[in-house]
Amino acid sequence: MGIELQLNKSRVPVKVWTRDIDAEALQQLLNVASLPIVHGHVAAMPDVHAGIGATVGSVIPTRGAIIPAAVGVDIGCGMNAVRTSLRADQLPDNLRPLRMAIEAAVPVGFNQHEASRMRGSALQRQGRVLSDRLDVVVGKHPGLMKMQRRFTETWLCQIGTLGGGNHFIELCLDEADRVWIMLHSGSRGIGNVMGRYFIAAAQKDMRRHQVNLPDRDLAYFSEGSTLFDDYVEALEWAQDYAMLNRNRMLAAVVEAMRPGLPPFQLEDEAINCHHNYVARENHFGASLYITRKGAISAQEGQLGVIPGSMGARSFIVRGLGNAQSFCSCSHGAGRRMSRSAAKRRFSRFDLEAQTLGVECRKDGGVVDEIPGAYKDIDEVMNNQRDLVEVVHTLKQVLCVKG
């Protein structure tokens, strides 16, 4: 497959890798493509669906500016996956105790580590550089501290925590029945605060300069301004924090698994990739800010992780370096319906049926994450055969949800 749609109704074209796209998402893509800061074209991945301001599953190349709402509030959200030396026949028949052990080791939902345990810990000492960098950001923008109770402790207490929504921890089997650990999370509450703060600041700045936008959530900071520099500083902090969060979570999962399983080790280096972030890259002879909102980097030879839903398959992929997608690919299956629509349409009995064979929560609290609320991951993968090649196909056997 390849580019399925090319829209030429805005200042720059929009290239879309699917025909499975709703009207709202199309309009959001056209809105982004009308901005004077967008360079070349906008790329929409096959998991594309409507977001806030900018479309989830889009790759936005900007010159001399960044759109905070295009990055979103889950800054640095992404995936971590690693293969273990375990095989399927070494897992217990009943995986529930293993799920309970992982949930006990990794706080989920709104839970976090106790501050009393984290203060003075080795992790706090190792995170001193992060702490110092955060102090600089907050020193310039003390308003951040007003948006979250105990702001300065939150970053420490939420390192190695999952969060809620579509974040997850999974054990999967590949085509050779080898066991993989895979997880999905980001910069947690502190990244959310930073995202909301700078989105509001950009909107205020646009009003001050009387810039007309097709959507107020597409407000941007221009390079050379103090707000631009401050946002980039906060953005890079949150992206680094998200990476650390996933690394610590992975370590906690491994330790939680050891008591109930035969001795095992991790094989190869873990794949750790953001899918809500900004990177400075060169494309088509220009130095650009590439915002991947629900997309991962797929440079030639680069490994990435594309998860399906709770009951579907996931993929370890290798990038093909397709220039037209700005060397990007999808970040997952992509939602077919909103969370509220999923709750109206499906019941916990549907959830049980669609997650048959997967050890996971099957209660009403996670119905919005039911596989039926997502696009068909096999179709998504078929639509991006020119963006990535599949290295491993994974099937979930255990899933922890926030």
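How are H8 and H9 oriented to each other, roughly parallel or roughly antiparallel? In this predicted model, the axes of helix H8 (residues 188-208) and helix H9 (residues 226-257) come within 10 Å and cross at roughly 160°. Angles over 145 degrees count as roughly antiparallel, and H8 and H9 are therefore roughly antiparallel to each other. The crossing in which H8 passes H9 is left-handed.

From H8 come Arg188, Ile190, Met194, Phe198, Ala201 and Asp205. These meet Leu227, Asp230, Tyr231, Ala234, Trp237, Ala238, Tyr241 and Asn245 in H9. By class, the residues of this contact comprise 10 nonpolar, one polar and three charged.

The model also contains an open sheet of seven strands with antiparallel pairing, arranged in the order E10-E6-E8-E7-E17-E15-E14. Strand E10 (266-274) and strand E14 (303-306) form the edges, each pairing on one side only. On average, neighbouring strands of the sheet are turned by 30° against each other, direction ignored.

Within this sheet, strand E7 (residues 168-173) runs antiparallel to strand E8 (residues 178-185), and six bridges join the two. Leu171 stands opposite Ile181 in E8. Helix H3 (residues 96-105) packs on the sheet, where H3 touches both E7 and strand E17 (388-401). The direction of H3 makes about 90° with that of E17.

Note on methods. Residues numbered from 1 in each chain as written. Predicted model: local features only at pLDDT ≥ 70, side-chain atom pairs only at ≥ 80, totals over all residues. Heavy atoms only, no water. Pairing = 2+ DSSP bridges. Helix = DSSP H or I, 4+ residues; strand = E, 2+ residues; numbered from the N terminus. Axes fitted to C-alpha atoms, helices over the stretch in contact; angles between N-to-C directions. Contact = heavy atoms within 4.5 Å. Parallel < 35°, antiparallel > 145°, perpendicular 65-115°, else oblique. Left-handed = near helix turned anticlockwise from the far one by under 90°. Nonpolar A, V, L, I, M, F, W, Y, C, P; charged D, E, K, R; others polar.
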